[in-house]
Amino acid sequence: QVVVQMPYVWMHPKYNHPVRRRTRLFAHDEYELCNDGDLACITLTLPRARRAHSCPMVAQVKLRMSRPLSKFKSHIVDKILQRENGDDPPDPFPNA
């Protein structure tokens, strides 16, 4: 299991001040290749609400219909885009 954070910034309508927020998603890492700080692309395995598909903070998430993995996990690590320490990510990724 990995926790993927997607940070975003929005302007507060009343105070006109930028507010930092984050979305935390639990994803299944079957081969345990993700390390702390890696940039990963995840795949959604459960259909979400209609409005969530056009949301810019989940733009990297691709849809694949399936059943949920557990109570909290409904995403799968699709591939690792960049390692934190600068090493090359595994190519080809085992899921591909």
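Modeller: A salt bridge is a side-chain nitrogen of Lys or Arg within 4 Å of a carboxyl oxygen of Asp or Glu. A search of the whole structure finds one. Please keep in mind that this is a predicted model, where local features need pLDDT of at least 70 and side-chain atom pairs count only at pLDDT 80 or more, while totals for chains, interfaces and linings use all residues. Residues are numbered from 1 along each chain as its sequence is written, and side-chain values use heavy atoms, leaving out hydrogens and water.

Biologist: What makes the contact of R83 and D38 a salt bridge?

Modeller: Their side chains meet at 2.8 Å, N to O, and the limit is 4 Å, so the pair qualifies. The two residues are 45 residues apart: R83 lies in the segment after β5, and D38 in the loop between β2 (18-28) and β3. Both R83 and D38 are buried, meaning under 20% relative accessible area with a 1.4 Å probe, protein chains only.

Biologist: Why is strand β3 described as largely enclosed by the rest of the structure?

Modeller: Because five of its six residues (39-44) are buried. Across the protein chain, buried residues make up 27% of the 96 residues.

Biologist: How do you know that β3 and β5 pair?

Modeller: Pairing requires DSSP to find at least two bridges between two strands. β3 and β5 (residues 75-82) have six, in the antiparallel sense, with I42 opposite V77 in β5.

Biologist: And what counts as a strand?

Modeller: A DSSP run of E with at least two residues, numbered from the N terminus; a helix is a run of H or I with at least four. The protein chain has five strands and zero helices.

Notes. Buried means under 20% relative accessible area, exposed over 50%, partly exposed in between (1.4 Å probe, protein chains only).
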